[in-house]
Amino acid sequence: MIDVQNLTKFYGHVPGIQDVSFKVESGEIVGFLGPNGAGKSTTMRILTCYMPATSGTAVVSGFDVFDSPMEVRRRLGYLPENVPIYLDLTVRDYMNFVGDLKGIPRKKKKDQIEKVLPLCGIKEVMDRIIGNLSKGYRQRVGLAQALLNDPEVLILDEPTTGLDPRQILEMRDLIRDLAGNRTIILCTHILPEVSMTCSRVVIINKGRIITQDTPENLTRKLEKKSTVEVEVAGPSAEVKRKLESVPGVVAVAARDHAGAGADSTVFDVESSHDADIRRELAAAVCGGGWGLLTLRPVSMTLEDIFVQLVTEEEG
Amino acid sequence: MRNIWAIYKKELRLYFQSPIAYAVLTIFLILMGWLFYSNMAFFGRISVQAVQNPRLSSQLSATDSVFSPLIGNMTIVLLFIIPALTMRLFAEEKKQGTFELLYTYPIRDFEVLFGKYLACLTVFLVMLALTAVYPIQIAVLGTLDLAPVLAGYLGIFLLGLTFVSVGVLMSAVTKNQLVAFILAFGVLLFFWVLGFASSILGPKLGAALSHASLIEHVNNFSRGLISTRDLIYYLNVSVFCLFLTVQALASHRWKG
């Protein structure tokens, strides 16, 4: 559905992105992840035919963005960062305007608007001026304009910035619902968003793609050891010694008192990757006559992976 | 065509749903009303004197002494009113970021340009239409020569067309509305005063400068003279500016 090969864009002598290649299959939701200024928006601007690349090719929905931009644009829905929409128009006028520009046939346009407005939850604000709407509503109007032409490819650039936590959840649900046979690229620097909605992640930093894989695979590949969080009520030094003596344990670190009760201590117990030592740990604690309060495996979050990758890259 | 129409409708909505069109129309009409009143009052004074002088009174015409100067006055008012109308056309879209979204829709540069250009011309035509009360008043109070009035309006329309073209171009080269205004106003003013020096600079250069000057050409129209030379001058400048605007709009593709 989207096939990007060796895409490079220079701003003057400054490279915006270099040698970016990735593929997105039809029906996939792909997270495009990177710190601010990594080249996410540049890539999206090239894919949406706003500007051409310096070199490399990008094919969207079977059309080259450089050779047939009008065909690509017809099949595309795009929500840029900061949701640039006309604040002086009413939602209804704006939708009609976008419908005309996207070349939706007049009869179908009305049906499409009727379909998209309730989907995005903005039917009740249809006759209000966009500038008077809250940020959450504006974001949904932005999403509605992207969806109006029933696009095969949907590109969303940081769609949840500026929303309150409930709205963020709603937006994520909506994005998941939209997937179906649509291809979605979700640009973001918010990590949980990617692990919650995307089937694949492309991580980009300083204009280059560092890695791309499913969130689970990334976690597995990078976790060289597994960690178990153990909270024990008992004398911490003694408990620590006991835990270290359990076979398979590589290291035990007592956490500072954060989160722990007055007489209990939280330990991070690291073991080699494939060994599950939870039973042994429990036995050891109980054997010592102390109270076992928590026993929980800690998996590496996408956040950890991201930081690790970006720092490895820099180091 | 549909794209041009969509942009046109949107721009007209933005003009009339925001205070811009009303502010511009109000200021324009107050200024024009005052200028018309002063011209009328002056004409009234001369008419009273002319009662004692039959030779002068036969030469007096309300069209020549009220309407023609009014056309001259209007050109000065338009000099800053038109840049106020055009300054937001592209500059605001660039500032708000809507420009980026617009250019991911299946629409071509010239379609965006023509939609906006025609919308701005429409507002200008509304302004012109509202000034029709002045010749009508002359016709009611005295006698009106229709031909010079129509020629005068044609001249002012062509001048406005050119002003809008320059204004649109200046709006396309910046994302700051104030800069767009100053650039348009400055360029128009410069091409206005270009003819001032023509008398000192010798016959050849002087003639060239006064031909390039925006104001010289409208003078002929306000005297009731329609010549293809003036017509072509305005159309030339307009087309040239629109051509440059299309280039400026495409610049985000190669400038990055």
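Two strands pair if DSSP finds at least two bridges between them. With that rule in hand, the reader can follow the sheets of chain A in this predicted model.

Chain A holds 11 helices and 14 strands. Its radius of gyration is 25 Å, well over the 20 Å that the globule rule gives for 315 residues, so chain A is more spread out than a compact globule. The C-alpha trace of chain A spans about 75 × 45 × 30 Å along its principal axes. The domain assignment divides chain A into domain 1 (2-220) and domain 2 (224-298), and the centres of these two domains, taken over C-alpha atoms, are separated by 45 Å. Of the 315 residues in chain A, 39% are buried. Among contacts in chain A between residues at least 6 apart in sequence, 68% join residues at least 24 apart.

One sheet of chain A is open and has six strands in the order 6-7-8-3-9-10, with mixed pairing. Its edge strands are strand 6 (76-79) and strand 10 of chain A, each of which pairs on one side only. On average, neighbouring strands of this sheet are turned by 15° against each other, direction ignored.

Within this sheet, strand 7 (residues 153-157) and strand 8 (residues 183-188) of chain A pair in the parallel sense over five bridges. Here A:Leu154 stands opposite A:Ile184 in strand 8 of chain A. Strand 3 (residues 29-33) of chain A also runs parallel to strand 9 of chain A, and four bridges join the two; in this pair A:Val30 stands opposite A:Arg200 of strand 9. A:Ile204 has A:Ile209 in strand 10 of chain A as its bridge partner. Strand 9 and strand 10 of chain A form a hairpin with two residues between the strands, where A:Lys206 takes a positive phi near 50°.

Helix 5 (residues 135-147) of chain A lies across strand 6 and strand 7 of chain A, running at about 165° to strand 6. Helix 1 (residues 40-47) of chain A lies across strand 3, strand 7, strand 8 and strand 9 of chain A, at about 150° to strand 7.

Another open sheet of chain A has four strands in the order 2-1-4-5, with antiparallel pairing. Strand 2 (14-24) and strand 5 (63-64) of chain A stand at its edges, each with a single partner strand, so one side of each is left without a neighbour in the sheet. Seven bridges join strand 1 (residues 2-11) of chain A to strand 2 of chain A in the antiparallel sense, and A:Asp3 has A:Lys23 in strand 2 as its bridge partner. Helix 1 of chain A packs on this sheet too, touching strand 1, strand 2 and strand 4 of chain A, and its direction makes about 115° with that of strand 1.

Two loop residues of chain A call for a remark on the backbone. Most residues other than glycine have a negative phi, and most peptide bonds are trans. A:Cys49, in the loop between helix 1 and strand 4 (55-60) of chain A, has a positive phi near 65°. A:Cys49 is buried, because 26 other C-beta atoms lie within 10 Å, and the cut-off for a buried residue is 20 or more. A:Val83 has a positive phi of about 45° although it is not a glycine, and is found in the loop between strand 6 and helix 3 (91-101) of chain A. A:Val83 is likewise buried, with 23 other C-beta atoms within 10 Å.

Finally, chain A meets chain B. The contact takes 25 residues from chain A and 21 residues from chain B. On the side of chain B that touches chain A, the elements that give two or more residues are helix 1 (2-17), helix 6 (98-102) and helix 13 (228-255) of chain B. Helix 1 of chain B provides the largest share, seven residues. By class, this side of chain B has seven nonpolar, nine polar and five charged residues.

Notes. Residues are numbered from 1 along each chain as its sequence is written. Chains are lettered from A and ligands numbered from 1 in the order in which they are written. This is a predicted model: local features need pLDDT of at least 70, side-chain atom pairs count only at pLDDT 80 or more; totals for chains, interfaces and linings use all residues. Two residues are in contact if their C-beta atoms, placed from the backbone, lie within 7 Å. Ala, Val, Leu, Ile, Met, Phe, Trp, Tyr, Cys and Pro count as nonpolar, Asp, Glu, Lys and Arg as charged, and the others, Gly among them, as polar. Axes are lines fitted to C-alpha atoms, for helices over the stretch in contact, and angles run from 0 to 180 degrees between N-to-C directions. A residue is buried if 20 or more other C-beta atoms lie within 10 Å of its own, exposed if 12 or fewer, and partly exposed in between; C-beta atoms are placed from the backbone. Domain bounds come from an automatic or database domain assignment. The radius of gyration is taken over C-alpha atoms; the globule rule is 2.2 Å times the number of residues to the power 0.38.
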